[in-house]
Amino acid sequence: MKHDFILKIAASACTAMLASVAGNISSGAQELNTEVFSLLNLDYPGLEQVKELHTAGKDSAAAVSLLDYYRNRTGISTPEINLKKVRISEKEQQWADDALEHTFFVHYGYQPSFNYGEDIDWRYWPVKDNELRWQLHRHKWFIPMGKAYRVSGDEKYAEEWVRQYMDWIYKNPNVKISKEEYEITDNALKADAENARFAWRPLEVSDRLQNQITQFELFKVSPAFTPEFLTEFLVNYYRHAEHILANYSDSGNHLLFEAQRMIYAGAFFPEFKDAAEWRKSGIDILNREIKVQVYDDGGQYELDPHYHLASINIFCKALYMADMNGFRSDFPQSYLDTVEKMIMFYANICFPDYTNPCFSDAKITDKKEMLKNYRQWEKIFPDNQTIKYLATEGKEGQLPDYLSKGFLTSGFFVFRNSWGPEAVQMVVKAGPKGYWHCQPDNGTFELWYNGRNLFQDSGSYVYAGDDEVMEWRNLFRSTRSHNTLTLNDENLETTDSKTLLWEPEGDVQILVTENNSYKGLTHRRSVFFVDGTYFVIVDEATGSVKGNNNVNLHFQMPAGDVPNSREDMTFYTNFEEGSNMMFRCFGPDNMTMKKEKGWVSTSYMKKRQRMNVSFNVKTTDGLPVRYITIIYPKQEAGKFPAMTAKFKGGYDESGLNLQVKVGGKKKTLGYTLD
Ligand code: MG
């Protein structure tokens, strides 16, 4: 990064700061901001009178005319809100009412919401989780206030929104100082710069850029939305778009969000001189990044189901906006084809109740939300029968004509014996190097059976913050909190699995995947899906690692009653609801079992305790170490079949041979690699 010695202060911030330094300016004050006339293209059709008045030096009247223009403008709309059908949920009403008292809904993970003081303290940071500080600046209560206003007609919501909007501008200047300058500058400026890291992070800026369109639509009819306020609003909005244009994130989902929201900005406010450039920059980035961030099998490269879904919706939002405002042709057919592939990827890896595996930093998206998504997607892909089926809960359309399915580039593999709720469905994650939200979890899996997720991923719980927050984060994302193999409980050094074999059809379906997990240890995992009924997992650790080491095979048991036997190395669930499993691990004679406290989190800052089990083998004379695990799903608890398993022959990198006996039925499993 280039450091110059010049104090970089945005023009508006400078004014705002001087104002705040000068004394206690009423933070809700709004004055005619004539800068707006230099930012708009006054030759834009409809702005003739604005131009005439401005040219004649009558800026106050020009602002009145400008507001009049926006209140009556037709032909430009947003997919985010239908003003003819404004509805508010109970929750949104609560957030709107709380906001009147400055109790702001910032994050689901932090409930009840915090109060930010009578004189709003935008720097209040009660828990040092970065998300809590960042997301305050997304103003999630503003749209609910707008809906509350529209539904009730009560001006108090509009008046308070205007006050808070202006208060935010005054108290959150976009101040950036260089490292060198930081050493000598005064504390107030340092605090402003520190605050700007949160308030002006491009992702947050883009969030406001998108949502202020909806706020604009909801509030523009209010008497509180004065011509003066309009000028402040537009100047602030312009500054937001320009900030992103100059500070796009380098990669990943942030860049996608920012690009899509710039398309919104450019399409919704085409009167700005730079609007065409904003829109084009967003379209160019999405058209470029969809090729960079999405693999040929439809997987998004962060390898996180939640961000995969978010990316689908980003790409789709750009299309909805384009459709409403007549620029669909800016997106080529290949863009649509890729989005459709992404949806099919997601439909395959999700479970029959529409929930997703919580691999990487993923949280659960529930059925209600997913039905909404599929119904939206159906509008773009009306011919896709799977989307139609999922959108209508099976009333129309049809399911794919296959069951198990592999996504080999992304490294997601789905074994299933049905698409219905009674299915046995395992989803394995073993792919290439992922990005920020990806966890070091290669080889891990989730297993659904008859209405229950029996092996749910630990999830993520939190993202980033102070030491205490990071301790939780590191625990949830650690390799040992997954269903895979570690060396000495350490995190994987390499997450880059290669698929050696994938056979998704027949009585015995097979996945063989291998990861050079550590320097000196390669983990090969072979999964056999036998008779559409049960799984046999073979884990082989090979390589040159020497000395005293522990090879540990980890499994996260479901929360609840899971009796077990150290003698047999077995676990079985004891649930009433018709979805149980028995689990048995076979390993070397010196294998021991360790039971520890484990956790599962499917939404931010919410966790449940469960059991983290590992099967441990001390090695003094090197590798290989090999395990066989049988997982047998069954409806009723108890009365599980007897299970035995043994290797036939030693480790052989070119193949595998073993024999299992389940309920008296012998089965020879194996493969030879080409
Ligand atoms: Mg995980």
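Select His482 to begin: at 1% relative accessibility, this residue counts as buried (buried means under 20% relative accessible area with a 1.4 Å probe, protein chains only). You are looking at a predicted model, where local features need pLDDT of at least 70, side-chain atom pairs count only at pLDDT 80 or more, and totals for chains, interfaces and linings use all residues. Residues are numbered from 1 along each chain as its sequence is written, and side-chain values use heavy atoms, with hydrogens and water left out.

Next, show the magnesium ion. His482 (NE2) coordinates this ion together with Gln439 (OE1) and Asp457 (OD), at 2.1 to 2.2 Å. Donors here are N, O and S atoms within 2.8 Å of the metal (3.2 Å for Na, K and Ca); water is not among the atoms, so the site may look incomplete. Asp457 sits in the loop between β9 (452-453) and α19 (467-477), while His482 lies 25 residues away in the loop between α19 and β10 (485-487). Helices (H or I, at least four residues) and strands (E, at least two) are DSSP runs, numbered from the N terminus. Asp457 also counts as buried, at 2% relative accessibility.

Now pick Trp377. Which residues does Trp377 touch? Among them are Leu309, Ile312, Tyr320 and Met370, not counting residues up to four places away in sequence (contact means heavy atoms within 4.5 Å).

Finally, colour helix α16, residues 333-349. Because 12 of its 17 residues are buried, α16 is largely enclosed by the rest of the structure. Tyr335, Met342 and Phe345 are among the buried ones to click on.

How values were computed
Buried means under 20% relative accessible area, exposed over 50%, partly exposed in between (1.4 Å probe, protein chains only). The expected span of a helix is 1.5 Å times one less than its number of residues.
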